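Subject: Structure handover

Hi,

Here is the structure I promised you. Please open it alongside this note. My findings follow below.

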Amino acid sequence: YQDWMYKPIRAKGHFDHSKEVRIHRSKTGERGYLCVTPFILDDEPRKGLLVYRGWLPHGMEDYEKPTGETEVEGVLTEGEKITKLHLENKIKENDWYSVHLQELATHCD
């Protein structure tokens with residue numbers, strides 16, 4: 001996978017907001033979330049990407065959710081290095097504390 005790490009990509013597809021996750025994060029002292037949304041590829045509907053769409057302040061429920069065919073551009077990464085300092089994700093409760101790609105992929109499948 002090192003061949004594709006940190007390379008720019010462009011893909012067409014649509015977001016699956018029903019499986020979106022919010023990962024607890026603070027930003028300049030304010031509580032909030034990283035918003036990660038599955039992106040289903042048009043040319044391979046059984047495959048997709050997890051797209052980091054930005055940071056949301058705690059309690060924000062009304063934010064833009066693109067619908068229909070969309071094109072995204074970004075850089076592929078492997079997520080966070082998980083350490084003993086990370087709180088454990090509570091997947092069944094949809095309560096997330098780290099960008100653990102395998103857990104996110106299983107949740108979004």
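Bear in mind that this is a predicted model.

I will start with the lining of the largest pocket. Its residues split into 20 nonpolar, five polar and six charged. In total, 31 residues line this pocket. Gly48, Leu49, Leu50, Val51 and Leu101 lie nearest the centre. The volume of the largest pocket comes to about 990 Å³.

Which elements supply at least two residues each of that lining? They are β3 (30-41), β4 (48-57), β5 (70-75) and α1 (101-108).

Next, the aromatic rings. Searching the whole structure turns up one aromatic pair. The partners are Phe15 and Phe39, with ring centres 5.0 Å apart. Their planes meet at 70°, and an angle over 60 degrees counts as edge-to-face, so this pair is edge-to-face. The pair joins distant parts of the chain. Phe15 belongs to strand β1 (residues 8-15) and Phe39 to strand β3, 24 residues apart.

Last, charges over rings. Arg53 lies over the face of Phe15, 5.3 Å from the ring centre. The charged end of Arg22 sits over the ring of Tyr33, at 5.7 Å from its centre.

Best wishes

How values were computed: Residues are numbered from 1 along each chain as its sequence is written. This is a predicted model: local features need pLDDT of at least 70, side-chain atom pairs count only at pLDDT 80 or more; totals for chains, interfaces and linings use all residues. Side-chain values use heavy atoms; hydrogens and water are left out. On a 1 Å grid over the protein atoms alone, a cavity is a set of points where a 1.4 Å probe fits but cannot get out, and a pocket is an open set with protein on both sides within 12 Å along at least five of seven lines; lining residues have an atom within 4 Å of a point. Grid points are joined across faces, edges and corners, and a volume is the space filled by probe spheres set on the points. Helices (H or I, at least four residues) and strands (E, at least two) are DSSP runs, numbered from the N terminus. Ala, Val, Leu, Ile, Met, Phe, Trp, Tyr, Cys and Pro count as nonpolar, Asp, Glu, Lys and Arg as charged, and the others, Gly among them, as polar. Rings of Phe, Tyr and Trp (its six-membered ring) pair if their centres lie within 6.5 Å; planes under 30 degrees apart count as stacked, over 60 as edge-to-face and the rest as tilted. A charge sits over a ring if NZ of Lys or CZ of Arg is within 6 Å of the ring centre and within 35 degrees of the ring normal.
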